[in-house]
Structure formats: structure tokens, C-alpha cells
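Biologist: I'm new to this one. Could you walk me through it, one question at a time?

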Amino acid sequence: MKKLTAIILSLVLVFSLSSAALAAEKPFENSKFYTSGDYTIHYRVFEAEGKAKGQIFLLHGFCLSSVSLEGVAAEYAKAGYRTVVADAPNFGYSSRETGDMELIDRETVLYGLIKSLGGKWIVGGHSMGGGIAINLATDHPETFTGAILFAPQTSSEVSGVAAMLMRSGVMQTMYTLVLKIALMFPSIVRSLVEMSFSDADFAASYDLSRITDPFRIADSGKGVAIMASHTRGSDLEAFSKLEIPCVILTAKDDRVANADNLRAIIDNAPEGTVVVKDLEGGHMMMEYNPVLAAELTLNVIG
């Protein structure tokens, strides 16, 4: 029993030390931070090469970070677009929500960042980030000139007892334990990567730290649980009325996206939206082949 206790304490200590080290460092050379209330948002700027043609603001999917979009962001920068990739609250190197914070909608926090950067933007996102991008575009149509959506998914709103349950200590503890177990067993993460990319060979050589490093930051599990208690759904009727160019990319072997959710977004997309189907790379098609993803989207937005 004493030996088991010592092992558990050692694991907790390693996890805590890793968390402190990661939080204290600047994650990437192009990392910047924006603060609003109790929130600090990490974002990365990929400056345009040559004369700037415009600005693109991108958001990652659930359990991911700016790393999943850095390839396509670099391609946009090469094409002349200043591109910003932000970590949503509770992910990447942005703040984790806790019970003693004044909670703010992630759309409100992220739009504050966008306004601080100035100018007009093409907004984009992958999966969960696509749903946030839709909310941003419908909330502030005067700011956005186009939309790029990679296998977008809208979030479900919860309220009442369900919201209270997600904020409870029980759910926060459960999410934390699940996350710690996943980090202790890389094979679990590897299997999820294979499912996300729909390519076993690609997954076998994938650097898992691209996903796992941010989750070693303290309160990551708690933050995800609390986030689920106050996410916003998307007004697809308002989305359909937007008068901006929009492109939606989907994969032929997407094992992650909810097909009905994706279909609802496509069916309610603005008039003239271009839908590009059957890309290789599963749900993560834009990370799998960032050059092609950038080319296909810029053909519409550019």
C-alpha cells in the first residue's frame, strides 16, 4: 500500500512540475497573449509574406490547439494573408476556467482579441472552432468578410440542472482523472489520433506531444467540464443570411464529426457557399494536407 501511494504521489508531482514549466514559458516564437477579465488567451501570428492581401483568424477543434492549424496558417501567410491562430479558453496555452472565475462566453473573449488586433477578418475554424467561427460571424457581420470552415460542428447549449452538474466537483474530478489516465497511456492518445486522421501509418509517426503537452497544464480537466456548462449553440438561421463568401471542407472518411450536425451547417450555409467534399485525412484534413487545404479555401475566399 505504501509503495502504491508513493507511485501515485510521484506521478502527481511529475504532472505538477510539467504543468508549471509549460505555463511559465512562451510556447512558440510567434506566441502572444491577450488578457480580458480573468482570461488570458494565447494566440500566434503568422505574418503575411509580401504585400498583405487580408487577415485570417482561425480557431482549432475540441481537445486541440493552434498546433493543429499551424500548417495551414503558414500556407495562408505565404499567400499574403496575415493569419492569427488562437487557443480557445481551456485549450492550448489559454486560461483554464475554474469555479472562482467570472465566466465569459468564449465568443466574447475571442472577439475582444480580434477587435484589439484591428481591421477586417476572414474567420475560420475546425470542428468545434468552426461552430465558434459561425457565432463570431453572425454576432459581428461588420467585422468579417468571409468564412473558412473545416468539418465544422456546432456546440450544444446546456442549462438548469445539466449546467449545474457540469460545474460540479464530481464532473470536474471525473474529467481530470480521464485526462490524467490518457496522458499516462500514450497508446490511448495514439488510437484517437488514428481515428481523427483515418490513416494508421500517419498516426504511427505522429508526434503525440502536439496534443498532450497543453493538457499537462493544471486544471485542464476542470476547465473542459466547466466550459461544457456555458457553451453557446449556433444560430444557423442567422448564418444562412450572411452575405459573405464561405467555404466548407469535409473529408470522405470522417470518423469524428457528427454527420447530422455537419449536414445542418451545410444546409444553412450562406447563399453561394462552396462545399468541397471527400478530402483525404479524415476529420483532420487541414493538418493532414495543409497545402491542399489552403489552396482549396483561398480559391474561394481569395
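Modeller: A term to start with: buried means under 20% relative accessible area, exposed over 50%, and partly exposed in between, with a 1.4 Å probe and protein chains only. This is a predicted model, where local features need pLDDT of at least 70, side-chain atom pairs count only at pLDDT 80 or more, and totals for chains, interfaces and linings use all residues. Residues are numbered from 1 along each chain as its sequence is written, and side-chain values use heavy atoms, with hydrogens and water left out.

Biologist: Thanks! Is F185 buried, partly exposed or exposed?

Modeller: F185 is found in the loop between α6 and α7; helices here are DSSP runs (H or I, at least four residues), strands are E runs of at least two, and both are numbered from the N terminus. Its relative accessibility is 44%, so F185 counts as partly exposed.

Biologist: How much accessible area does the nonpolar patch have together?

Modeller: A patch takes residues with over 30% relative accessible area and no salt bridge, joining nonpolar side chains (Val, Leu, Ile, Met, Phe, Trp, Tyr) within 5 Å and like charges within 9 Å. This one includes L177, F185 and V256 on the surface. The elements giving two or more residues to it are α6 (169-184) and α7 (186-197). Together the patch residues have about 680 Å².

Biologist: How is α6 placed against α10: parallel, antiparallel, perpendicular or oblique?

Modeller: Axes are lines fitted to C-alpha atoms, for helices over the stretch in contact, and angles run from 0 to 180 degrees between N-to-C directions. The axes of α6 and α10 (residues 220-227) are 7 Å apart, at an angle of about 130°. Under 35 degrees counts as roughly parallel, over 145 as roughly antiparallel, 65 to 115 as roughly perpendicular, and the rest as oblique. That makes α6 and α10 oblique.

Biologist: And what about α3 and α4, how are they set to each other?

Modeller: Helix α3 (residues 106-117) and helix α4 (residues 128-139) have axes that come within 10 Å and cross at roughly 70°. They are therefore roughly perpendicular.

Biologist: How many salt bridges does the count come to?

Modeller: The rule wants a side-chain nitrogen of Lys or Arg within 4 Å of a carboxyl oxygen of Asp or Glu. R44 and E70 meet that way, 2.9 Å from N to O, and they sit 26 residues apart, in strand β2 (residues 39-46) and helix α2 (residues 70-78). By this rule the count is 11.

Biologist: Which residues are linked with R44 in a network of salt bridges?

Modeller: R44 counts as buried, at 6% relative accessibility. The network of salt bridges links R44 with E70, R210 and E287.

Biologist: How far apart in sequence are the parts that R82 and E47 tie together?

Modeller: R82 and E47 form a salt bridge, their closest N and O atoms being 3.5 Å apart. E47, at 49% relative accessibility, counts as partly exposed. R82 lies in strand β4 (residues 81-86) and E47 in the loop between β2 and β3 (54-59), so the parts tied together are apart by 35 residues.

Definitions and conventions. Areas by Shrake-Rupley, 256 points an atom, 1.4 Å probe, with all protein chains shown as cover.
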